[in-house]
Amino acid sequence: MEIEKGKTFKYLREKRDVPQKVKDQLKEFNRIKKAMLDALKESDLTIDQLTQKLNMPKPEVVYNLMSLIKYGFVQSGDVDDMDEYYTYKLKK
Amino acid sequence: MSILQKNISFDALVVGGGIAGGEAALNLATTGFKVLLVEKELSIGGKMIMLSKVFPTLDCAACITTPKVSEISRHPNITIYTSSEVSNIDKIAENNFEATIIRKPRYVVIEDCTACQLCEQACPVSVPDQYQYNLVGRKAAFIPFSIASPKAAAIDIDNCILCGACEKVCPTNCIDFTQETEEIQISVKTVILATGFKLFDPLLMPRYGYGLFKNVITSMQMERELAPTRPFNTVLRPGDGKVPDKIAYVLCTGSRDASIGNPICSQICCMYSIKQSQLLMGALPMADVTIYYLNIRSFGKGFEEFYQQAKGMGVNFVKGKIGKIRETENGNGNLILRYENINEGIVKEAEHDMVILSVGVLPNQDASNFFKKEELKLDSYKFIYQADSLISPARTSIDGVFVAGTASGPMDIPDSILSAGSASSEAISYLIQK
Ligand SMILES: Cc1cc2nc3c(=O)[nH]c(=O)nc-3n(C[C@H](O)[C@H](O)[C@H](O)COP(=O)(O)OP(=O)(O)OC[C@H]3O[C@@H](n4cnc5c(N)ncnc54)[C@H](O)[C@@H]3O)c2cc1C
Ligand code: SF4
Ligand code: SF4
């Protein structure tokens, strides 16, 4: 196969299958990302509020929300009066 | 696997690019010797580059490591292979070793990558970031961390869906999926083993609940939470994103405990926990921090003062042996520590909202598999055996092979650097002897 610079992924695609687990993982991340961003589109939310809205375990909300902050989709807002929980909002 | 029988010669092979291996390589290189530094990770710097600040001076770890690492990377006498491991080393004669190095593909041409992160932004995949100890995600096309050296992207091929998005946006066309594993034959005159240490895996102590209770984390995860390049916006509980205010440290997790196979003291956990407690008091001024300890071993220069400083700042020290950690039943994610108060001789319970396990130092036994013809002896704790630990601590059971840093036993950064100095001096003497 001829290898074109900038399109070398095609070369590896011929030689290597993407495992189903990796495809499923991506699907799951996309689902969570969409759900989180949609929820935050409506209003700024705390992790507790997101957990209830998405019906998802809290540790998973933390992990995915922090990842979305890292990827530049979300940002942290204010902390509550007890200095315990932050509010999170979409990055404008 | 594409086998490249490159017959390349160096004066010295240094295995492991942590602070000890890096320092040893630098000493040899500045003396004029040609060095090959082999590192299995995507970046050199070892554990030190991941730390927040260092005890007992509280200097910023990145500020010390970055210039050192860039000096190592830029030195004309040092060749660095990252993502690489040694498969075997044979001693042919004195001053004559042959080694095989396996170099895994990074799928990025390091020299051409500008670390612009466009590939990272384009990549749709998200998987746990091993360099943030899984507290947050990273992409399959990623720069390992902001102070990585080399600072270049890499493709995590095991999690890549081969969509090509990264390649499409890369402005320098440096992503190359045709790269293959290389097998490189080299000859060297001396070898320094600086393969460092492993961290105790707290999953092996289920009674502490690590893995099960998300607000029980390791000291390395707390290092990341306290570092400027931290995974969260501030120190947070991974279980629910709460800012913790009643934090407990469990010292000697996986150290001084024959029942889990590690009877020795890790030498660094007391001090790094005291360091972290001070940093936490700075980051969260309202927080209570309690350190549960068996003995505080503040044996080094400035260590006792550092310990007293923590006490002065209000860190609570309890001489107590933790039996079990469980979560409260009301679902608030807090943790109940059941412990023997050693001074009072009674069993007590205390509630905390976050627990940090001060995990110990374990030997990395990789180096014992490198040598097929000679025997690289390990000591009774499985660290690399020091053939003459009093007079010539860098010597191993094989002449011409030296050990640097924590590959020979637990030690902190200054001692690792001293040990690297000893290893490089011994290696230089060996190189110039005829
Ligand atoms: C939580 C924590 C906090 C700490 N805080 C402090 C502090 O404040 N002050 C202080 O002085 N010390 C501190 N330390 C100790 C410090 O991290 C060590 O002293 C130091 O990292 C030892 O350096 P090293 O090069 O010997 O080992 P490492 O840092 O372990 O480096 C070894 C290197 O070898 C590589 N390697 C391993 N096996 C192979 C192989 N087979 N082939 C190729 N490469 C290989 C590894 O990837 C790594 O890069 C802390 C440690 C921990 C765990
Ligand atoms: S080819 Fe792989 S690394 Fe590149 S963007 Fe797609 S999934 Fe990410
Ligand atoms: S691989 Fe390309 S897109 Fe990614 S950081 Fe390097 S130069 Fe930028």
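A polar contact here is a pair of N or O atoms within 3.5 Å; within protein, one must be able to donate a hydrogen and the other to accept it, and residues adjacent in sequence count only if both atoms are side-chain atoms. The model is predicted, so local features need pLDDT of at least 70, side-chain atom pairs count only at pLDDT 80 or more, and totals for chains, interfaces and linings use all residues. Residues are numbered from 1 along each chain as its sequence is written, chains are lettered from A and ligands numbered from 1 in the order in which they are written, and side-chain values use heavy atoms, with hydrogens and water left out.

Let me start with the two chains. Across the interface of chain B and chain A there are 16 residue pairs in polar contact, both residues at pLDDT 80 or more. Strand S9 (127-128) and strand S10 (137-138) of chain B are the elements that give two or more residues to the side touching chain A; strands are DSSP runs (E, at least two residues), numbered from the N terminus. That side of chain B divides into 19 nonpolar, 11 polar and 12 charged residues. In this classification Ala, Val, Leu, Ile, Met, Phe, Trp, Tyr, Cys and Pro are nonpolar, Asp, Glu, Lys and Arg are charged, and the others, Gly among them, are polar.

In contact terms (heavy atoms within 4.5 Å), chain B contributes 42 residues and chain A 32. The chains bury about 3200 Å² between them, with 58% of it on carbon and sulfur atoms; buried area is the accessible area (1.4 Å probe) that two parts lose on being put together, summed over both. There are also 4 salt bridges between chain B and chain A, each being a side-chain nitrogen of Lys or Arg within 4 Å of a carboxyl oxygen of Asp or Glu. One of them pairs Asp158(B) with Arg16(A), whose closest N and O atoms are 3.4 Å apart.

Turning to chain B itself, we have domain 1 (2-103 + 181-196 + 364-433), domain 2 (110-169) and domain 3 (200-361), with bounds from an automatic or database domain assignment. The C-alpha centres of domain 2 and domain 3 of chain B lie 32 Å apart. Between these two domains about 700 Å² is buried, 66% of it from carbon and sulfur atoms. Which residues supply 80% of the area that domain 2 of chain B buries against domain 3 of chain B? They are Gln132(B), Tyr133(B) and Leu135(B), which give more than any other three residues. The count of salt bridges between domain 2 and domain 3 of chain B is 0, while 3 residue pairs are in polar contact.

Tyr133(B) also has a phi near 50°, and its place is in the loop between S9 and S10 of chain B. Most residues other than glycine have a negative phi, and most peptide bonds are trans. A cis peptide bond joins Ser149(B) and Pro150(B), with omega about 5°.

Finally, the ligands. Of the 40 residues around ligand 1 (a heavy atom within 4 Å), the nearest are Glu39(B), Lys47(B), Lys275(B), Thr406(B) and Met411(B). An oxygen atom of ligand 1 is 2.7 Å from an N or O atom in the side chain of Lys47(B). Around ligand 2, the shell has 13 nonpolar, 1 polar and no charged residues.

Terms used:
Helix = DSSP H or I, 4+ residues; strand = E, 2+ residues; numbered from the N terminus.
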